[in-house]
2 protein chains.
Amino acid sequence: MCPSKVAQGDERGWIVPIGGAENKDGDPRILARFVALAGGPRAEILVIPTASQLRDAGSRYGQLFGELGAQRVEVVDFQTRHDGHDPERLARIERASAIFFTGGNQLRLSSVLGGTPAAQLIRARNAAGITVGGSSAGAAILSEHMIAYGGEGACPRADSVHLAPGLGLTNRFLIDQHFRQRDRLGRLLAALAYNPFAVGIGLDEDTAAFIGPDNTLEVEGSGSVTVVDAGALGFSSMADAGGRDPVCMLGLTLHVLIAGATFDLATRTASPGALLADRT
Amino acid sequence: MCPSKVAQGDERGWIVPIGGAENKDGDPRILARFVALAGGPRAEILVIPTASQLRDAGSRYGQLFGELGAQRVEVVDFQTRHDGHDPERLARIERASAIFFTGGNQLRLSSVLGGTPAAQLIRARNAAGITVGGSSAGAAILSEHMIAYGGEGACPRADSVHLAPGLGLTNRFLIDQHFRQRDRLGRLLAALAYNPFAVGIGLDEDTAAFIGPDNTLEVEGSGSVTVVDAGALGFSSMADAGGRDPVCMLGLTLHVLIAGATFDLATRTASPGALLADRT
């Protein structure tokens, strides 16, 4: 689905994809910043563990967010599509100040939640200002065009990526995660070759993109975020490629951002951001 | 990209996907209705043959639309991504009363036009009221989530469909074409299993869906349009399926429409439409 319309006078909430395996014990700066955006001591965070099949996926985050100062944390699973219509669960989405999706399988999220009132309400609440984030599969689901699965390797190949419709909080970014750790540049490029309208962001583990209401993202965490802007792409051979054929792509713009650096979607410019400020 | 915003007081233009191989000589009722929507004797139709690699793909339609009474028909090819920035081509999009995409390879359309000013302008012009249609690949490109390619067969399988971002005139329909002739029910179902938010429409050859500004579609032509509504889907096994595994889907609603019958997206109801009116 496309992002919900932001009402006049409102600001869309933050969108926070995390590349997976974020630091949870020693230096949980990504999750701490998420709690701060959710309202800090007034935060009421809803954790959705649907992507995972591990029984404690949700409760682990519940405990962490509590330790990081959130006022209340609820874990609400959606095991069936029927759950996406459940008034009690919808009421919990309605009163949350932030929503967090755990990792697992993003196709579980899209196939269980897609088209349900719960998915519609999450989009509407984000448009009305609340923060929505997730890690790994929970990051992938956030955008309109979701990387469902794909191959490894740096080279884009015709069949190296499978896209599916995601939750659609943003239609402007294509999000990939475990990016360096699983060697996923090729599949992100293949997705951009299909249709170069979007900006690809590849999130390393323990690294997040905090995407603000103004569509400027700032990096947090210990790794990097690879931003691939295909806006100036002059040529790709995607239409003529098939199977495992490598795809030619000319004129991509690439930025490698670390914590503090920013990318502004409106102007498509990257900036050292806090990195430069730190130096002065 | 998401559909452009329709300005207050405006109505979005018609969206006209055709299943391919439409009748061009004996009874070209689909193309005649397209010309009528384009303004009939005042129609200025822009034909975009980019999907095709056949030299005469555009001129064939140019001649047909002329014979069917259009005032002016121009064929404008976009061979490179640079062409999508060309002021002369943009001016032609600006003055057209309708735009028509020929068949060929939909990935050529998305990979050449995606993210260019031409794609943005076509969305904006459709939002401002002009009709946009296409046949075969030119039908596939019209929606936000485009079936790029896939396998044959009636059973949905985990890997039976590849989606890519399309032109994005509508985000509510998933469009497939050559539907009965190439046995594509399975791949349309697989796409809906990924995320059941959309309504699938499978267009037979010589058959079109005329999607009005109110998102009610009416069928025209000699075959049928298969509408698959996954809104009430109770369960799918997509998240657990892999490779060639068949996918279980419970609770789909199916309508088979022929010329005159309608489907209203807002209420998700099918109606015999003109078929019933003919009888009285």
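Tutor: pLDDT is the predictor's confidence in each residue, from 0 to 100, and in chain A the mean pLDDT is 95, with 99% of residues at 70 or more. This is a predicted model, in which local features need pLDDT of at least 70 and side-chain atom pairs count only at pLDDT 80 or more, while totals for chains, interfaces and linings use all residues. Residues are numbered from 1 along each chain as its sequence is written, and chains are lettered from A and ligands numbered from 1 in the order in which they are written.

Student: What is the order of the strands in the open sheet of chain A?

Tutor: Strands (E, at least two residues) and helices (H or I, at least four) are DSSP runs numbered from the N terminus, and two strands pair if DSSP finds at least two bridges between them. Here 9 strands with mixed pairing follow the order β3-β2-β4-β5-β1-β10-β11-β16-β17. Because β3 (72-75) and β17 (269-271) of chain A each have a single partner strand, one side of each is left without a neighbour in the sheet.

Student: How many bridges join β10 to β11 in chain A, and which residue is the partner of A:Ala209?

Tutor: Strands β10 (residues 207-211) and β11 (residues 216-221) of chain A run antiparallel and are joined by 5 bridges, and A:Ala209 has A:Val219 in β11(A) as its bridge partner.

Student: How many residues does each chain bring to the contact?

Tutor: Two residues are in contact if their C-beta atoms, placed from the backbone, lie within 7 Å; chain A and chain B contribute 34 residues each. Elements of chain A that each supply at least two residues to its side include α4 (106-113) and β6 (145-150).
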